[in-house]
Every structure is written in structure tokens, then in C-alpha cells.
Amino acid sequence: MSFSAKNIVAALSLLSCALLSQQALAHAHLTSAEPAQQSEVSVSPDHLTLHFSEDLEAAFTGITLSQADGKQVATGKASVEDTAKSTLIVPVTQPLSHGKYQVDWHALSVDGHKTKGSYTFTVK
């Protein structure tokens, strides 16, 4: 292989790696939440706030809130903040009793990538 052919192969390899890295970064990952992951809160929250790394498609993004025994807790309609399209707000429609809760979330970023995950918090 000549010097220029080796350079072309190397350049194509680097370009391929860069494109794959950008695709991996384009997913909406949960960056923080209130109540925070694995936190203990003394007062039942009236809403959950989830912050993501990418802007979201509100119609295809949401959560399921469950008690430790798996029983689902009613929540209001999830919405994306007007000023921060990467922030999801979910009203909690009834006070949460003491105990551990699991938040299962699913998100669709505006570029079409789906992600999901979960975390827990405790109401003391």
C-alpha cells in the first residue's frame, strides 16, 4: 500500500469512529432529577423533574411511578419545559406515602433516538 493509500484508509477509519461517537452522544440520557436518584425526601413531591442531555419529543416521553410493591402511582400528563426542551415535568396527582418509589422513564430525543432507564427515591 502506498503512503497516500494508507493515509486515506486511516482518515476513513477516523471519520467512521467520529460518526459513531456522535451517534452515541445524540441519545437523550438522564443527567439529573428532582427528587434526585437514590435520595431521601421528607416531603412528598408535587411533581418530578427529569433533566436530559438532549431536547425531547414530549408526546413520546414519559414515566411510570411505582411503589416498592410494584403498585403504580397516578401521575399527571408529562410536559416539556417551554424554556428548556430537555427538561420533563411530571405532576404527582396524589401525596406519596412514606416508602421507596421507582421511576421508570422513556425518552425520545428530537433527533429520533429512544432511551429508557429507571431510578429510585424514598419519601421519609
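Q: Where does Pro35 sit?
A: In this predicted model, Pro35 is found in the loop that runs between strand S1, covering 30–34, and strand S2, covering 40–41.

Q: And what kind of peptide bond leads from Glu34 to Pro35?
A: The bond from Glu34 to Pro35 is cis, and its omega angle is near -5 degrees. As background, most peptide bonds are trans, and most residues other than glycine have a negative phi.

Q: What about phi at Gln38?
A: Gln38 has a positive phi of about 60 degrees, although this residue is not a glycine. Its place is in the loop between S1 and S2, which is also where Pro35 is found.

Q: Is Gln38 buried or exposed?
A: Gln38 is exposed, because its relative accessible area is 72%, and a residue counts as exposed when that value is over 50%.

Q: Let me step back for a moment: how many helices and strands does the protein have?
A: The protein has 1 helix and 9 strands, and, reading from the N terminus on, the elements run α-β-β-β-β-β-β-β-β-β.

Q: How much of it is buried?
A: Buried residues make up 31% of the 124 residues in the protein. As for the surface, the protein exposes about 7,700 Å², and carbon and sulfur atoms supply 56% of that area.

Q: What share of the contacts join residues at least 24 apart?
A: If you take the contacts between residues at least 6 apart in sequence, 60% of them join residues at least 24 apart.

Q: Which strands form the open sheet?
A: The open sheet is formed by 4 strands in the order S1-S3-S7-S6, with antiparallel pairing. S1 and S6 stand at the edges and have a single partner strand each, so one side of each is left without a neighbour in the sheet.

Q: How many bridges join S1 to S3?
A: S1 and S3 run antiparallel and are joined by 4 bridges. To give you a point to look for, Ser32 stands opposite His51 in S3.

Q: Which side chain does the side chain of Thr87 make a polar contact with?
A: The side chain of Thr87 makes a polar contact with the side chain of His51, at 3.1 Å. Thr87 is found in strand S7, which spans residues 87–91.

Q: Is Thr87 buried or exposed?
A: Thr87 is buried, because its relative accessible area is 4% and the cut-off for buried is under 20%. Leaving aside neighbours within four places in sequence, the residues in contact with Thr87 are Thr49, Leu50, His51, Ser79, Val80 and Glu81.

Q: Then where is Ser86?
A: Ser86 has its place in the loop between S6 and S7. Although this residue lies in a loop, Ser86 is buried, with a relative accessible area of 18%.

Q: Changing topic, how many aromatic pairs does the structure hold?
A: The structure holds 2 aromatic pairs.

Q: What does Gly76 touch?
A: Not counting residues up to four places away in sequence, Gly76 touches Val90, Pro91 and Thr93. The C-alpha atoms of Gly76 and Val90 are separated by 6.2 Å, while these two residues are 14 residues apart along the chain.

Definitions and conventions: Residues numbered from 1 in each chain as written. Predicted model: local features only at pLDDT ≥ 70, side-chain atom pairs only at ≥ 80, totals over all residues. Heavy atoms only, no water. Helix = DSSP H or I, 4+ residues; strand = E, 2+ residues; numbered from the N terminus. Buried < 20%, exposed > 50% of the residue type's maximum accessible area, 1.4 Å probe, protein only. Polar contact = N/O pair within 3.5 Å; in protein donor to acceptor, adjacent residues only side chain to side chain. Contact = heavy atoms within 4.5 Å. Areas by Shrake-Rupley, 256 points an atom, 1.4 Å probe, with all protein chains shown as cover. Phe/Tyr/Trp six-rings, centres within 6.5 Å; stacked < 30°, edge-to-face > 60°. Pairing = 2+ DSSP bridges.
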